[in-house]
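Let's take a friendly walk through a protein together. Please keep the sequence and the 3D view open while you read.

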Amino acid sequence: MVPKTADAVIIGAGVIGASIAYHLARHGIRPLVFEKSDPAAGSSGACDGLVFLQSKKPGLHLKLALESRRRFDGLADQLGSSIEFRNPGGMCLIESEAEISAMQLFVAEQRKSGLDVELIDGDEARRREPCLSAKVIAATYSPLDSQVNPYALTFALLRAAKSAGARILSGVEVNGIEVVSGKATGVFTGNRRISAPVVVNATGALAAEIGRMAGLEIPITPRRGQIIVTAAVPPLLRHCLISARYVAVKFKPELAASGGMGFSLEQADSGNILIGSTREFVGFDRRTTFDGIRTIASRIAPVIPALKRVPVIRTFGGLRPYTPDGLPILGKVAELEGFIMAAGHEGDGIALSAITGELIADLITTGRTQFPLEAFRLERFRAGAA
Ligand SMILES: Cc1cc2nc3c(=O)[nH]c(=O)nc-3n(C[C@H](O)[C@H](O)[C@H](O)COP(=O)(O)OP(=O)(O)OC[C@H]3O[C@@H](n4cnc5c(N)ncnc54)[C@H](O)[C@@H]3O)c2cc1C
């Protein structure tokens, strides 16, 4: 039975909605989570699990990611479930002289933001990660880069939220936001109305649709990523790996169009290797394409030749919730009291989930957050905003 009232409504049971539900429930608030499909049916179940710091923009983005990363230590114990969190350290692989100079600047900026990261030469990179070929002429290394199982994380957060009093309603779509005198006062699902003093939009790539229900323009669009999954093999990768070009494409979309796509790699606890991923604007089309998968495979084979002998067992596509400046949209919305945004994490939602849930729960329960959310508010996209 769908209740008529709730302490707070969260729309979306991806990793972000799950984390907010968990943190709210810990504060004694009993949120009601509506998920139109199943938990983790969106991006959180169609992604890699990198908790990578080197791919974050130096400055606020990286600082937020560092805060989130700290919270992953001990999170499994708090949640009482395995989330397959590991901290192998990560490398950003450099394949050209031009990338070295770009990464030198990037590393200097990342250090200023507090990240422990160093530039190493190709031989040192191969000593630490023997599967790399001579194509890798240098790398940046950070001991903090980590990985997690995104499914396990989302479900562990939801289970812990439920034990602390949250209710998760799967298969129930929110199709309207009740707005009374400039205030969100609840949601509609079919012809039912559920009143709540707070409504949280945690619908990832679909957040703009929820915005329209509330009369808000939210600049979040889907950006597809395609991933290759290999058969389970004995340990091959010692670290999580991304290419320097992957970082560049993330911040300069035009590079993807000119064939400059990079890659990311991680070996899951199961032994399967996830090799990602494209960055494409193709609407809500989650299908994989021959071209996309071939491009990823042809980029990775010269860098890690051993992968040529590892069978591929499947491929999948997911949609990153993209915002024009690469930062998530978090916090209160000036035009609509009671409506909170927690979406638009692009390729970083798994990594940022721990801090996002905590900050949004703090905002709802105390009106304050220990990390300033001003720069993440929706209003930054309004005409005339600085
Ligand atoms: C290929 C790829 C690789 C990635 N790799 C990484 C990575 O290595 N590290 C990392 O940190 N991030 C990564 N990401 C990004 C990460 O997956 C996302 O940022 C994150 O999953 C977003 O979580 P979310 O909860 O906001 O959205 P979602 O997981 O999409 O959850 C939103 C939920 O809302 C539900 N919903 C939508 N509309 C409604 C409605 N009207 N009513 C009820 N429910 C609704 C949806 O069904 C969905 O379950 C990757 C993404 C992709 C696509």
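## Around the ligand

Sorted by class, the shell around the ligand holds 20 nonpolar, 17 polar and 7 charged residues. Here Ala, Val, Leu, Ile, Met, Phe, Trp, Tyr, Cys and Pro count as nonpolar, Asp, Glu, Lys and Arg as charged, and the others, Gly among them, as polar. Keep in mind that this is a predicted model: local features need pLDDT of at least 70, side-chain atom pairs count only at pLDDT 80 or more, and totals for chains, interfaces and linings use all residues. Residues are numbered from 1 along each chain as its sequence is written.

Which residues come nearest to the ligand? Of the 44 residues around it, they are Gly14, Gly42, Gly204, Gly225 and Gly349. A residue is near a molecule if its C-beta atom, placed from the backbone, lies within 6 Å of it. At least two residues of the shell come from each of helix 1 (15-26), strand 2 (31-35), strand 13 (221-230), strand 17 (312-322) and helix 11 (349-366). Strand 17 gives the largest share, 4 residues. Helices (H or I, at least four residues) and strands (E, at least two) are DSSP runs, numbered from the N terminus.

## Two domains

The protein chain is divided into domain 1 (8-46 + 151-219 + 326-381) and domain 2 (90-143 + 221-322), with bounds that come from an automatic or database domain assignment. Their C-alpha centres lie 30 Å apart. The contact between them takes 11 residues from domain 1 and 12 residues from domain 2, where two residues are in contact if their C-beta atoms, placed from the backbone, lie within 7 Å. The side of domain 1 that touches domain 2 has 4 nonpolar, 6 polar and 1 charged residues. The ligand shell also draws on both domains, with at least three residues from each of domain 1 and domain 2.

## The nonpolar core

Now look inside. A nonpolar core is a set of buried Ala, Val, Leu, Ile, Met, Phe, Trp, Tyr and Cys residues joined through C-beta atoms within 7 Å. A residue is buried if 20 or more other C-beta atoms lie within 10 Å of its own, exposed if 12 or fewer, and partly exposed in between, with C-beta atoms placed from the backbone.

Of the 117 residues in the largest nonpolar core, Val9, Ile20, Ala21, Val200, Ala342 and Ile360 touch the most other members. Helix 11 supplies the largest share of this core, 10 residues. Domain 1 and domain 2 both give residues to this core, so it lies between them. Not counting residues up to four places away in sequence, Val9 touches Pro31, Leu32, Phe34, Gly186, Val187, Ile194, Ala196, Val199 and Val200.

Helix 1 has 12 residues and reaches 17 Å from its first C-alpha to its last, close to the 16 Å expected at 1.5 Å a residue; the expected span is 1.5 Å times one less than the number of residues. How many residues of helix 1 are buried? The count is 11 of its 12, among them Val15, Ile20 and Leu24. The buried residues of helix 1 pack against strand 1 (8-11), strand 2, helix 6 (150-163), strand 12 (199-201), strand 19 (336-343) and helix 11. After helix 1 comes Gly28, whose phi is positive, near 90 degrees.

Val33 sits in strand 2. Val33 counts as buried because it has 28 C-beta neighbours inside 10 Å. Leaving aside neighbours within four places in sequence, the contacts of Val33 include Gly17, Ala21 and Ile168.

## Places to zoom in

Leaving aside neighbours within four places in sequence, Glu67 is in contact with Ile355 and Phe371.

Ala40 is in the loop between strand 2 and strand 3 (50-51), and Ala40 counts as buried with 22 C-beta neighbours inside 10 Å. Ser181 lies in the loop between strand 9 (176-180) and strand 10 (183-189), and Ser181 counts as exposed with 6 C-beta neighbours inside 10 Å. Finally, find the cis peptide bond that joins Gly276 and Ser277, with omega about -25 degrees.
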